[in-house]
Amino acid sequence: MEEIQSQSDNYRSSSSSASSPASRVPSSNFFYLRKPGSLRQPISFEDSPEWEDTDVEVRVEEGGDSINAATTPASPSLSKLNSGSLPSPPLPEGAAVARKIAGASVVWKDLTVTIKGKRRYSDKVVKSSNGYALPGTMTVIMGPAKSGKSTLLRAIAGRLPHSARMYGEVFVNGAKSEMPYGSYGFVERETTLIGSLTVREYLYYSALLQLPGFFCQRKNVVEDAIHAMSLSDYANKLIGGHCYMKGLPCGERRRVRIARELVMRPHVLFIDEPLYHLDSVSALLMMVTLKKLASTGCTLLFTINQSSTEVFGLFDRICLLSNGNTLFFGETLACLQHFSNAGFPCPIMQSPSDHFLRAINTDFDRIIAMCKSWQDDHGDFSSVNMDTAVAIRTLEATYQSSADAAAVETMILRLTEKEGPFLKSKGKASSATRVAVLTWRSLLIMSREWKYYWLRLILCMILTLCVGTVFSGLGHSLSSVVTRVAAIFVFVSFNSLLNIAGVPALMKEIKTYASEESNMHSGALVFLLGQLLSSIPFLFLISISSSLVFYFLVGLRDEFSLLMYFVLNFFMCLLVNEGLMLVVASIWKDVYWSILTLISVHVVMMLSAGYFRIRNALPGPVWTYPISYVAFHTYSIKGLLENEYLGTSFPVGQVRTISGYQALQSAYDISSKSNSKWGNLLVLFLMAIGYRLLLFVLLYLRVKKNTFIHKLFKCDHDTNNHR
């Protein structure tokens, strides 16, 4: 305690010197929050009054679907500051007024989260946290990096990873129940957006995936979401840009991610780092937009690392974390008084969030060590001479014994003593609707993504022209058989290898699916059917254009049925290759490693396809079984050669002739049966289905694993609470 007291006195003296009248700038240069008409009345942190506990009265309306919280602050100054947020611009004539949302109260009590191996000294990422969020308010979880902010947010929302274990209780409207689909929204820190769609198109397709009902109703909710997030000026702009046109700025992209969840009109909205990678202006605009959203009645709960003074003034309540410990929970401005009571008053020229993080971020100890023997032109670094470990222990001890902690416990009891209305699920779109939406959306994306689709088609055409001109004019003599086999092998193998260029586009689709599936907007089977149906037209376009050019340049047999088989065989080959690419991309989830793996697999399959050495002569253990039977090149090339040579004959001298099967025996191993080419086509079809079934199993097991472990941990945590 003596160490704590000495460190507190040391920091108190340094803070006082930093905010003393001698070093204080004129107050007209510093503003905290201003209401309209009060520009000449600056409010500083130093001059803030001693805040008393606020009396929060909760009432449940009969027949309603929300809990309304009326906050009656004891101090008029506090009421003035909390209600005096930045004024919203007046709505233009004819503009739609924001719809009211029935929010919900969220309470977490003695919440502890453990993740094995997450911390160096302890598995507890969040330790006995208590707090609440009320309708129509913004509650922020603040703290330095790796303090447990996102973990606490995910625990409250029921979105913890499978490696985490949660203890404690979470109440929604006074009841211990999970929030049903559509009643809440969760915005990840990094959500994959579709850059080739406009903002309105992206939100419209999201509404079609999420909501049941008619198309006109979904258009209305999309327009409401665009208006709520102030995206009207960007509604018809491409998210990712096009050619020389720039895409949306980072701040607008963050607002699009939030608008996607607003389509469901959730009661509670969880946002992980809404100010992530935003500059000060974009951050302020984001917070003003969220403040307007909260004013409609929605309950907002989000994490934040740091904020400016203006942004800080827009928060209603703050939960301050450090190393998983709750250092404060309560009214935003009361946190300043809490730090002052603990011996760490905020200097007048410093942002509150900067001051808080400076006091509780252990990374500053390294800066202190670097600056101990160094002085600048103005003297010692008096503002960085505090041991953060001591500050954390002091703040935690002060909070545990303060009236703020007692007020939080009292409020939690009030919010949980009586159950309010249960949140109801808003229904989902049917699976058939989702498949149709994903198919149409993917087709629209393919028509606009020239870099991954149209350029891929152009490259395949250029490669086919090169191969066709190299092997043109072969004729139909016996001496051309070996060269014709080489031409077909090069055409199939090189085109399959070139189509690996589509991996980045497939990776985007998988990431989009993962983002939508995490919020239950899509499913594994829906994604696979939509992706398959949308890829068929594009792959068929590649196959028919490349096949026609190759077929006539090389001079294969001039029969329409044989040409159609050639096109169908190559189309199935591309379909199998697409399935293999999807499987590898879903396993690695990285473009570089996926492309490297696919190139290696293709090279091995080409070696065992029977061209460099006849399949019967390959070494048995590995190359024949199983590699040559797994390589789709083998069945595609066999089918094309059987299509070309079965039923033909070649003269040997003037009397004797040999069949096409006999002519190929020394060049490639094919079957002598007349219908064997259809058997090879069937194998290709089964391989295309098999790869997609494997992808479905991978995606389904990943979802089931997370769901099963979540239910297991929930049962375990309910058992512990019962004990």
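**Entry 1: cysteines**

I looked up Cys298 and found it buried, because its relative accessibility is 0%. Buried here means under 20% relative accessible area, exposed means over 50%, and partly exposed lies in between, with a 1.4 Å probe and protein chains only. I noted Cys250 as partly exposed, because its relative accessibility is 36%. I then searched the whole structure for disulfides and found zero. The criterion was a pair of cysteine sulfur atoms within 2.5 Å.

**Entry 2: what I am working with**

The model is predicted, so I keep in mind that local features need pLDDT of at least 70 and side-chain atom pairs count only at pLDDT 80 or more, while totals for chains, interfaces and linings use all residues. Residues are numbered from 1 along each chain as its sequence is written, and side-chain values use heavy atoms, with hydrogens and water left out.

**Entry 3: transmembrane regions**

I checked the UniProt record, an unreviewed entry, which lists "transmembrane region" for residues 453-475, 481-503, 524-554, 560-584, 591-614 and 681-701. UniProt positions are in the numbering used here, feature names are shortened, and annotations may be inferred rather than shown by experiment. I looked at two of these stretches in the model. Residues 481-503 are 83% helix and 0% strand, with the end C-alpha atoms 35 Å apart. Residues 524-554 are 100% helix and 0% strand, and there the end C-alpha atoms are 42 Å apart. Helices (H or I, at least four residues) and strands (E, at least two) are DSSP runs, numbered from the N terminus.

**Entry 4: Ser543**

I picked Ser543, which lies in helix H18 (residues 524-554). Is Ser543 buried or exposed? It is buried, because its relative accessibility is 0%. What is Ser543 in contact with, leaving aside its neighbours within four places in sequence? I listed Val567, Phe570, Phe571 and Leu574. Contact means heavy atoms within 4.5 Å.

**Entry 5: strand S7**

I followed the side chains of strand S7 (residues 184-187): Tyr184 and Phe186 point one way, Gly185 and Val187 point the other way, and all are buried. In a regular strand the side chains alternate between the two faces of the sheet. S7 pairs with strand S8 (residues 268-271) in the parallel sense, over four bridges. Two strands pair if DSSP finds at least two bridges between them. Opposite Tyr184 I found Val268 in S8.

**Entry 6: salt bridges**

I found 13 salt bridges in the structure. A salt bridge is a side-chain nitrogen of Lys or Arg within 4 Å of a carboxyl oxygen of Asp or Glu.

Arg159 bridges to Glu188, with the closest N and O atoms 3.5 Å apart. This pair links distant parts of the chain, 29 residues apart: Arg159 is in the loop between helix H3 (149-157) and strand S6 (164-172), and Glu188 is in the loop between S7 and helix H4 (199-210). Both Arg159 and Glu188 are buried.

Arg448 bridges to Glu201, with the closest N and O atoms 2.8 Å apart. Arg448 is in helix H14 (residues 431-448) and Glu201 is in helix H4, 247 residues apart. I noted Arg448 as partly exposed at 27% relative accessibility, and Glu201 as partly exposed at 22%.

Arg317 bridges to Glu331, with the closest N and O atoms 3.8 Å apart. Arg317 is in strand S10 (residues 317-322) and Glu331 is in strand S11 (residues 325-331), 14 residues apart. Arg317 is buried at 2% relative accessibility, and Glu331 is buried with a relative accessible area of 11%.

Last, I noted that salt bridges with shared partners join Arg154, Arg159 and Glu188 into one network.
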